[in-house]
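Here is a short report on one model. It moves from salt bridges to helix packing, then to single residues and a sheet.

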Amino acid sequence: MSDWKPKRFWTESAVVDAEGGFTVELDGRRVKTPAKVGLIVPTQALAQEIAAEWNAQEKEVDPTTMPFTRSANAAIDKVQHQHAEVADMLADYGDSDLLCYRATHPQELQQRQAEQWDPALDWAAEALTARLLPVAGVLHQPQDASVLHELRQRVHDFNNFQLAAFHDLVSLSGSLVLGFAAAADWRSAEDIWQISRLDELWQIEQWGHDDEAHAASEVKRAAFLHAKRFFDLSV
């Protein structure tokens, strides 16, 4: 039974209007989430991506090839029921943001962090009215409570689908600021992903390339880029 996979039973997938948004029908039967509720998404463009995933399935359904469907399921079955908890968890990244913890040596790494991370913090100070301050070393130093409150409110303002995507933007990058930066198109998602990997790229330069680590990083990169696309299609 562990090898069992659902078979394709439909001929055509189609996007249709639904109360509260749009859904996908398979030969007239509406798609449901794993929790057996209607898969209704906020935009037609997102529904079209989901329909395309279902249409691309061949003899067996392979969920690993359906990232938009899986993200929509997460938004409906999980985030919808614990929106506040998810938002608080992500907002907590602000008090230990990747961009704020700087190397104490060597000077070349310090300079690289300043060149790539300071502009993101400057952007957040202007665009989000939230100035996070960098510190030397890895020991936690709390940020200003009023700044964290501002960021927290902004996270809570996301709808369920945005928040599902934002979860990956933040957790994969390790930075609340970079999550907001990606969502707001501060720079391309690819550029922001590379900024988040500054320390890893530095280590590669010093110690060489590792195939296994690279493969794992590429999986995370693809997930980050998908999260950005899902976020954009959710509004």
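Is Glu 150 buried, partly exposed or exposed? The model is a predicted one. In it, Glu 150 has a relative accessibility of 26%, so this residue counts as partly exposed. The cut-offs explain the label: buried needs under 20%, exposed needs over 50%, and partly exposed lies in between.

**Salt bridges**

Glu 150 has a charged partner. Its side chain meets that of Arg 154 in a salt bridge, at 3.0 Å from N to O. Both residues sit in helix H5, four residues apart, and therefore about one helical turn separates them. Arg 154 is partly exposed as well, with a relative accessible area of 28%.

This pair is set within a longer list. The structure holds 15 salt bridges.

| Pair | N to O distance | Relative accessibility |
|---|---|---|
| Arg 154 and Glu 150 | 3.0 Å | Arg 154 28%, Glu 150 26% |
| Glu 205 and Arg 112 | 2.8 Å | Glu 205 49%, Arg 112 18% |
| Arg 221 and Glu 190 | 2.9 Å | Arg 221 24%, Glu 190 26% |

Take Glu 205 and Arg 112, whose side chains meet in a salt bridge. This pair links distant parts of the chain, 93 residues apart. Glu 205 belongs to helix H9 (residues 198–207), while Arg 112 belongs to helix H4.

Arg 221 and Glu 190 form another salt bridge, with the closest N and O atoms 2.9 Å apart. Here too the pair links distant parts of the chain. Arg 221 lies in helix H10 (residues 211–233) and Glu 190 in helix H8 (residues 189–196), 31 residues apart. Arg 221 is partly exposed at 24%. Glu 190 is also partly exposed, at 26%.

Salt bridges can also share partners. Asp 88, Asp 92 and Arg 152 are joined into one network in this way.

**Helix packing**

At what angle do helices H2 and H6 pack? The angle is about 115 degrees, and the axes of H2 (residues 67–77) and H6 (residues 160–173) are 9 Å apart. The crossing of H2 past H6 is right-handed. H2 brings Ser 71, Ala 72, Ala 75 and Ile 76 to the contact. H6 brings Asn 160, Phe 161 and Ala 164. By class, the contact of H2 with H6 has five nonpolar residues, two polar and no charged.

**Two single residues**

Ala 125 lies in helix H4, which spans residues 107–127. Its relative accessibility is 21%, so Ala 125 counts as partly exposed. Leaving aside neighbours within four places in sequence, Ala 125 is in contact with Ala 130 and Arg 131. Val 147 is 22 residues away along the chain from Ala 125, and their C-alpha atoms are separated by 9.3 Å.

Gln 143 also touches Arg 131. Gln 143 is found in a loop, between strand S5 (135–136) and helix H5 (145–156). This glutamine counts as buried because its relative accessibility is 12%. Which residues does Gln 143 touch, not counting those up to four places away in sequence? They are Gly 94, Asp 95, Cys 100, Arg 131, Leu 132, Leu 133 and Leu 148.

**The sheet**

Three strands form an open, antiparallel sheet in the order S1-S2-S3. S1 (13–18) and S3 (29–30) stand at the edges with a single partner strand each, so one side of each is left without a neighbour in the sheet.

How many bridges join S1 to S2? There are six, and the two strands run antiparallel. S2 (residues 21–26) is joined to S3 by two bridges, again antiparallel.

The hairpin of S1 and S2 has two residues between the strands. In this hairpin, Gly 20 takes a positive phi near 95 degrees. As for side chains, in a regular strand they alternate between the two faces of the sheet.

Methods. Residues numbered from 1 in each chain as written. Predicted model: local features only at pLDDT ≥ 70, side-chain atom pairs only at ≥ 80, totals over all residues. Heavy atoms only, no water. Pairing = 2+ DSSP bridges. Buried < 20%, exposed > 50% of the residue type's maximum accessible area, 1.4 Å probe, protein only. Contact = heavy atoms within 4.5 Å. Axes fitted to C-alpha atoms, helices over the stretch in contact; angles between N-to-C directions. Left-handed = near helix turned anticlockwise from the far one by under 90°. Nonpolar A, V, L, I, M, F, W, Y, C, P; charged D, E, K, R; others polar. Salt bridge = Lys/Arg side-chain N within 4 Å of Asp/Glu carboxyl O.
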